[in-house]
Structure formats: structure tokens, C-alpha cells
Amino acid sequence: MVSTFPIAPTLDLSKVRLDIRNLQRDLVQWRRQIHQQPELAFDERQTATLIAAKLTDWGIDHQTEIAKTGVVATIASSNPGPVLAIRADMDALPIQEANDVPYRSQQEGKMHACGHDGHVAIALGTAYYLAQHRDAFCGTVKFIFQPAEESVGGAKPMIEAGVLQNPDVDGIIGLHIWNNLPLGTVGVRSGPLMAAVECFRCTILGKGGHGAMPDQTIDAVVVASQVVNALQTIVSRTIKPLDAAVVTVGEFHAGTALNVIADTARLSGTVRYFNADLEGTIGDRINTIIGGICQSHGATYDLNYWQLYPPVINDTAMAELVRSVAADVIEPDLGIVPDCQTMGGEDMSFFLQAVPGCYFFLGSANPAQGWDYPHHHPQFDFDESVLCMGVELFVRCVERFGREDR
Ligand code: NI
């Protein structure tokens with residue numbers, strides 16, 4: 001086989017670990033700085049400014065204001081090789097922080113309650129380390145600091161803005177700090193990791209009237225109740241039992257008084273599934289069920305159905321790369337968790353549709369310290385020793401990706 005690029009110089013891995021452990025204080029400082037100034041989707045201006053200032057200090061090429069607030073940085077090594085992208089999301093949530101810590105959020109009603117502050121710190125630490133060691137790996141690394149993971153999605157507009165080109169990205173990795181796993185474990189698997197997210201809003205229109213004279217009305221509450229019940233048959237009766245899926249009605253609003261029959265009912269909900277072949281099918285089924293029930297009662301309806309994110313599907317070879325790096329990095333008694341699928345969604349999926357890649361979970365829960373609240377909880381926090389683990393995993397993935405014998 002002809003080499004397309006040289007074998008990478010072998011990193012002294014014990015030295016890599018030591019160097020990265022020495023970054024821990026900086027990593028914590030960056031994370032806390034970002035934590036104190038949380039910014040919501042597409043408003044991550046201070047965060048982007050902080051990232052850009054560090055990249056400038058470290059002599060790393062970068063562009064700002066991509067898809068509004070995104071930042072992309074490129075570090076070319078001294079050796080030719082492939083291009084690996086590392087993605088970090090930057091946005092916070094509209095949650096009032098309930099933690100009493102010196103680094104608590106200084107923004108009323110906004111909080112980094114998902115760990116994206118840590119993701120930015122880990123990506124910055126990785127960029128800093130690699131910029132100092134350009135001779136220690138092959139190829140190029142592109143850092144994608146992405147806005148708006150939590151709401152409408154910043155991944156797609158960043159891809160449309162061309163972040164995967166020039167130079168063309170050959171693979172992509174990303175991680176989520178994960179309080180559902182113990183500190184120091186890694187959750188990684190090939191294939192579907194996280195679910196597709198689809199959403200619907202439906203208004204059912206009947207005919208209102210007196211609560212004592214139902215014969216003169218079309219009761220929107222009764223029609224909508226039958227809809228809610230019938231939607232339960234989608235997963236149980238029409239999806240293959242081995243294909244996991246969820247249909248949840250999260251909102252049901254109707255009525256104004258106890259003796260008035262409601263003319264309108266509003267339902268909204270979310271749909272999740274792993275199998276990309278199901279795209280479109282559950283939405284069609286929802287439409288058919290609502291249409292049939294409304295017709296049988298003489299009601300009409302208006303349905304809005306849309307996909308937010310496709311499923312997060314890891315490439316087999318990239319998942320194996322992350323798995324083998326993690327096996328080297330993490331303590332053997334902690335281990336790798338292959339059974340780490342979740343019905344949560346992530347717009348990392350758009351990057352994974354565009355290039356082969358792997359998204360993985362880095363366990364961050366430390367119950368002894370009270371750092372095991374779920375993501376999106378007002379008391380969410382994580383064990384910050386996860387930061388240098390994240391950097392070490394990324395650095396070693398970069399080194400492994402650049403190697404001909406990976
Ligand atoms: Ni998140």
C-alpha cells in the first residue's frame with residue numbers, strides 16, 4: 001500500500017499526559033469565565049470574543065462571525081496528513097442557576113446547565129496544546145466552535161457557511177460532558193448514539209357551545225383526547241419492535257370554563273427515533289391519525305410537523321478510533337460504556353451526515369461532591385477534572401487520526 005502521508009512522529013504519551021495535566025488550572029479558569037457569562041443561541045458574542053482573543057494570543061489562524069457567532073480555527077502541523085475537525089458547542093440555556101458557587105452565572109435567567117462551557121474550555125485547551133506541538137502530529141486540525149446547539153441549531157448554518165471545506169475535512173469528532181456517566185468513563189459506540197428530534201403542533205377545531213347541550217357542538221376536548229390515545233399506537237403497533245421510538249404529547253390546552261364545551265384544543269409534542277429510515281413515516285402516521293379522528297367527528301385540524309435534528313450516527317471506523325484512544329487514556333477499572341444511547345438529540349448529527357465522525361460522552365458525575373445533577377437542571381455542575389481528560393482524549397485522537405496505521 002502506498003503511503004499518502006508519513007507515519008506520524010510517535011508522541012511520548014506519558015509526557016503528553018503530564019503537559020495536559022499542567023493545563024488544568026487554565027482549563028478551569030476558562031470554563032469558569034465562560035460559566036459566569038452564559039449566552040443563549042446565536043448570541044454567544046462574549047464567548048466568541050474570548051475564544052478569538054485566546055486564539056490570537058496563541059498565534060492560531062481563525063475566522064469569526066460564521067453563522068452569526070461561530071468561530072473556526074485551523075492548526076496545520078509540520079507534517080502532511082488528513083484534516084480532522086473538532087466540534088464544540090458554545091450556548092447556554094434560559095435557566096436561573098441555583099448553585100451557590102464563586103463562579104455562578106452573572107446573567108439573570110441564563111445558565112450553562114449542559115456543560116457547553118466545559119466543551120469550549122476543552123477545545124481551547126486542545127488548540128493550545130496542538131499549537132505548541134505542531135511537529136508532534138500529522139495533518140491539520142480544524143476547531144469548530146458552534147452556536148445554538150440547544151434550540152434551532154447552529155451546526156447546519158455553519159456547514160452551509162463552508163466550515164467543512166477549505167481545507168476539506170476528512171473526519172470529525174466531538175464530545176459531550178455527561179453527568180449520566182461516572183467521572184472518567186467514556187460512552188462511545190458505532191452507529192446511532194442519539195435520536196432524531198421531530199416536533200409537532202396541532203390545533204383541533206370543533207364547535208363550541210353550552211356544556212349541557214353537547215348535541216349542538218363538536219367537542220374539541222373529546223376529539224383531542226382520542227387523538228392523544230390513538231397516537232400511543234404509533235410506537236406500539238406500527239414501528240418495528242426492535243426500532244426504538246418515542247411519541248410524546250407534551251402540551252394539551254383546551255377550554256375556558258367548566259360548563260362550556262371547547263371549540264379548540266391545542267396539542268404539541270416531540271418524536272424521537274434512531275433509525276434514519278423512519279424519517280417522515282411517524283409524521284405521516286400522526287397526520288393520518290389526527291385526520292381520521294377529526295373527520296369522524298366533523299372537526300377540522302391544522303398540523304405543523306417538522307424535523308429539528310436527524311439522529312446522531314457514528315461512523316464505525318471513527319468510533320473505533322475514539323474507543324481505542326479512550327481505552328489507552330482512561331483508568332482500566334472505569335472502562336468504556338458501549339451501552340450509552342440516549343433519546344436526547346444533538347445537531348452534531350448534521351456534521352456526521354456530512355463527514356465520517358464520532359460523537360461521544362465523557363462521564364463527569366461525582367456524586368460524593370454533589371456533581372451529579374442531570375443536564376438542564378438549575379443545580380447542574382460537573383467535576384472539572386473532566387476537562388484535562390477531554391483534552392487528552394482529543395489530542396490523542398488527533399495524533400491517531402494522522403497516523404497512516406490508524
Ligand atoms: Ni448539551
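## The main core

Of the 68 residues in the largest nonpolar core, the ones touching the most other members are Leu130, Phe143, Phe145 and Leu387. A nonpolar core here is a set of buried Ala, Val, Leu, Ile, Met, Phe, Trp, Tyr and Cys residues joined through side-chain atoms within 4.5 Å, with buried meaning under 20% relative accessible area (1.4 Å probe, protein chains only). Helix H10 (residues 386-401) gives this core its largest share, 11 residues; helices are DSSP runs of H or I, at least four residues, numbered from the N terminus.

This is a predicted model: local features need pLDDT of at least 70, side-chain atom pairs count only at pLDDT 80 or more, and totals for chains, interfaces and linings use all residues. Residues are numbered from 1 along each chain as its sequence is written, and side-chain values use heavy atoms, leaving out hydrogens and water.

## H4 against H10

Helix H4 (residues 116-132) packs on H10 at an angle of about 50°, axes 9 Å apart (axes are lines fitted to C-alpha atoms over the stretch in contact, and angles run from 0 to 180 degrees between N-to-C directions). So the pair is oblique, the label for whatever is not under 35 degrees (roughly parallel), over 145 (roughly antiparallel) or 65 to 115 (roughly perpendicular).

Residues of H4 including Gly118, Ala121 and Leu130 meet H10 residues, among them Leu387, Gly390 and Phe394; contact means heavy atoms within 4.5 Å.

## H2 against H4

Helix H2 (residues 24-36) and H4 pack at about 140°, with axes 8 Å apart, and are therefore oblique too. On the H2 side, Leu27, Trp30, Arg31, Ile34 and His35 take part, meeting H4 residues that include Asp117 and Gly118.

Terms used. Buried < 20%, exposed > 50% of the residue type's maximum accessible area, 1.4 Å probe, protein only. Helix = DSSP H or I, 4+ residues; strand = E, 2+ residues; numbered from the N terminus.
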